[in-house]
Amino acid sequence: MRRAGRLVVAVAIVLAAVGAGCAAPRTPREASPAAPGGETTGRSAPAPVKPLAEWERRPIRTIVIDPGHGGRDPGATGLGGLVEKEITLDLARRVRGRLAHWGFHAVMTRDDDETVDLAERTARADAAHGDLFLSLHVNSAPRATASGIETYYLDESDERHSDDVAARENGVAPEQAGDLQRTLAQMRVSEVSSRSELLARQVHGAVVRGLRARYGATEDLGVRKGPFYVLFLSSMPAVLVEVGFASNPRDAERLRDDAYLELLADRLASGLTAYAIASNSVMASETR
Ligand SMILES: [Zn+2]
């Protein structure tokens, strides 16, 4: 009974997605022009459908900042007593301050030295109706010479991600998620992933350019696809920034410096804002 119910919902969602622009064959009645906003004008009213992703249909207003680690999990520890969970919380609060100042609603997945597991982080982001998700981390490497900034976004080509999204959305184990649910999840993961890549490039570029302008040499380790749990559980465009290496003397010294953290926060917030403004203006022009 519950399985059948889920299947009906899944079919309704896929049909809604097809109506929203995919080039799948449609019956003549369904092919009649859809009203703006996606309502169909056919005689038989479609069943109420859940939007493919809520954040796709509203302007970006709420930005979730996720300070990596916390509580029992210190994350990377480094030179001069640097502890990743402390740096990420400090930096997240600074980013929140800037975003709030620029008119965004900024929410944090933790605002204390609290143990928060990864599923809970994404649950908090969803509960806050986040439109964008920024996870902050400090890198560490066996080689002390490794340094610089790298930014990750969801790797949509990894099937596990889609299966996990499918399982989460449908409340079943990944191996039980049917083909239909998997197709649905892949459509969603693919859309979130491409937007996340754009977001990653904006944020990464703003950070690297800003740091180089003020501090000179800053290693650009690039924008990469990564298999991070918080990224593939996220239902909104999400990026994870590794803001330096705890294991590198120069990075560690910078990460303990107030002026450096201020600049880093300013650049992170500026990259997020640039993406949000561009995305909101595209949405406004489409609905005009
Ligand atoms: Zn970390």
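**Strands 4 and 5**

I started with how strand 4 and strand 5 (residues 220-226) pair: they run parallel, over five bridges. Strands here are DSSP E runs of at least two residues, helices are H or I runs of at least four, and both are numbered from the N terminus. I take two strands as paired if DSSP finds at least two bridges between them. This is a predicted model, where local features need pLDDT of at least 70, side-chain atom pairs count only at pLDDT 80 or more, and totals for chains, interfaces and linings use all residues. Residue numbers start from 1 along each chain as its sequence is written.

I looked up two of the residue pairs. Y153 sits opposite K225 in strand 5, and T151 has V223 of strand 5 as its bridge partner.

**The other side of strand 4**

Next I checked strand 6 (residues 238-245), which is antiparallel to strand 4 and joined to it by four bridges. Y152 has L240 as its partner in strand 6.

How many residues of strand 4 are buried? Six of the six residues in 149-154 are, so the strand is largely enclosed by the rest of the structure. Buried means 20 or more other C-beta atoms within 10 Å of the residue's own, exposed means 12 or fewer, and partly exposed is in between, with C-beta atoms placed from the backbone.

I then traced the strand order: 2-1-3-6-4-5, an open sheet of six strands with mixed pairing. Strand 2 (105-108) and strand 5 are the edges; each has a single partner strand, so one side of each has no neighbour in the sheet. The twist averages 20° from one strand to the next. Helix 3 packs on the sheet and touches strand 1 (62-67), strand 2, strand 3 (132-139) and strand 6. Its direction makes about 145° with that of strand 3. For such angles, axes are lines fitted to C-alpha atoms (for helices, over the stretch in contact), and values run from 0 to 180 degrees between N-to-C directions.

**Helix 3 against helix 9**

I asked how helix 3 (residues 84-101) and helix 9 (residues 258-286) meet. Their axes come within 8 Å and cross at roughly 50°. That makes helix 3 oblique to helix 9; under 35 degrees would be roughly parallel, over 145 roughly antiparallel, 65 to 115 roughly perpendicular, and the rest is oblique. Helix 3 contributes D90, L91, R94, V95, R98 and L99 to the contact, while helix 9 contributes L261, E262, L264, A265, D266, L268, A269 and L272. A contact means C-beta atoms, placed from the backbone, within 7 Å.

Leaving out residues up to four places away in sequence, V239 touches L134, T151, Y152, Y153, S196, L199, A200 and V203.

Beyond four places in sequence, E242 is in contact with H137, V138, N139, I149 and E150. E242 and Y152 are 90 residues apart in sequence, but 8.2 Å apart in space, C-alpha to C-alpha.

A206 lies in helix 6 and is buried too, with 20 C-beta neighbours inside 10 Å. A206 touches R267, S270, G271 and A274, again not counting residues up to four places away. For A206 and S270, I noted 64 residues of sequence separation and 6.9 Å C-alpha to C-alpha.

**Two positive phi values**

Most residues other than glycine have a negative phi. H69 has a positive phi of about 65°; H69 is in the loop between strand 1 and helix 3, and is buried with 23 other C-beta atoms within 10 Å. H129 has a positive phi near 55°. H129 is in the loop between helix 4 (118-127) and strand 3, and is partly exposed, with 15 other C-beta atoms within 10 Å.

How values were computed. Two residues are in contact if their C-beta atoms, placed from the backbone, lie within 7 Å.
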